[in-house]
Amino acid sequence: QVQLVESGGGLVQVGGSLRLSCAASGRSFSMYYMSWFRQHPGKEREFAAAIRWRDRSTYYADSVEGRFAVSRDNAKNTIYLEMNNLKPEDTAVYYCAAAFSPTAQAVGVRMSRAYDYWGQGTQVTVSS
């Protein structure tokens, strides 16, 4: 069983920065992707950013491209989401997800159904 634990959320002003962390435990081999999704109040969960484990390739939603950066620390089995120039529309619960199935790429890294494990979420609130 894999556990994902997010941290780093909080309240920040418009234009500010936050760094989220997601630590994975229980299994790291055969991981294909780790990603960040977010869910705005009353809306469906949406893709934000992803990193491919084997070569660190990164993927971003258009809404965060150029402002967010996803990275990983192999030794700690942890990924990070550096969020800069935050906007009120970035206010959401941010979830970490991990994909272990080789079909993840075929399903699509931006699709929530590609992922096998999810964290509990961390709230990010951007105030104006």
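1. Which residue forms a salt bridge with Arg54, and how far apart are the closest N and O atoms? The partner is Asp55, and the closest N and O atoms are 3.7 Å apart. A salt bridge here is a side-chain nitrogen of Lys or Arg within 4 Å of a carboxyl oxygen of Asp or Glu. Arg54 is exposed, with a relative accessible area of 66%, whereas Asp55 is partly exposed at 34%. For these labels, buried means under 20% relative accessible area, exposed over 50%, and partly exposed in between (1.4 Å probe, protein chains only).

2. Basis of the note. This is a predicted model, in which local features need pLDDT of at least 70 and side-chain atom pairs count only at pLDDT 80 or more, while totals for chains, interfaces and linings use all residues. Residues are numbered from 1 along each chain as its sequence is written, and side-chain values use heavy atoms, with hydrogens and water left out.

3. Confidence. The mean pLDDT of the protein chain is 94, and 98% of its residues reach 70 or more; pLDDT is the predictor's confidence in each residue, from 0 to 100. Elements are DSSP runs numbered from the N terminus: helices are H or I with at least four residues, and strands are E with at least two. Where pLDDT is low, the predicted coordinates should not be read in detail.

4. Strand β9. What is the burial state of strand β9 (residues 92–99)? Of its 8 residues, 7 are buried, so β9 is largely enclosed by the rest of the structure. Strand β4 (residues 33–39) pairs with β9 in the antiparallel sense over 7 bridges; two strands pair if DSSP finds at least two bridges between them. Within this pairing, Trp36 has Cys96 of β9 as its bridge partner.

5. Further partners of β9. Strand β11 (residues 122–127) also pairs with β9 in the antiparallel sense, over 3 bridges, and Val124 in β11 stands opposite Ala92. Strand β10 (residues 117–118) is joined to β9 by 2 bridges, and these two strands run antiparallel. Here Ala97 stands opposite Trp118 in β10.

6. The open sheet. An open sheet of 4 strands has the order β1-β3-β8-β7, with antiparallel pairing. Its edge strands, β1 (3–7) and β7 (68–73), each pair on one side only. From one strand to the next, the twist averages 15 degrees. Strand β1 is joined to strand β3 (residues 18–25) by 5 antiparallel bridges, and Ser7 stands opposite Ser21 in β3.

7. Salt bridges across the chain. The structure holds 5 salt bridges. One of them links Asp90 with Arg38, the closest N and O atoms being 2.9 Å apart. This pair connects distant parts of the chain: Asp90 lies in the loop between β8 (78–83) and β9, Arg38 lies in strand β4, and the two are 52 residues apart. Asp90 is buried, with a relative accessible area of 0%, and Arg38 also counts as buried, at 3%.

8. Arg52. Which strand holds Arg52? The residue is found in strand β5 (residues 45–52) and is buried, with a relative accessible area of 13%. The side chains of Arg52 and Asp55 meet in a salt bridge at 2.7 Å, N to O. They also make a polar contact at 2.7 Å, that is, a pair of N or O atoms within 3.5 Å; within protein, one must be able to donate a hydrogen and the other to accept it, and residues adjacent in sequence count only if both atoms are side-chain atoms. Leaving aside its neighbours within four places in sequence, Arg52 is in contact with Tyr32, Tyr33, Ser57, Tyr59, Arg72 and Gln105, where contact means heavy atoms within 4.5 Å.

9. Leu11. Leaving aside its neighbours within four places in sequence, Leu11 is in contact with Thr125 and Ser127. The C-alpha atoms of Leu11 and Gln120 are separated by 18 Å, and the two residues are 109 residues apart along the chain.

Technical notes: Axes fitted to C-alpha atoms, helices over the stretch in contact; angles between N-to-C directions.
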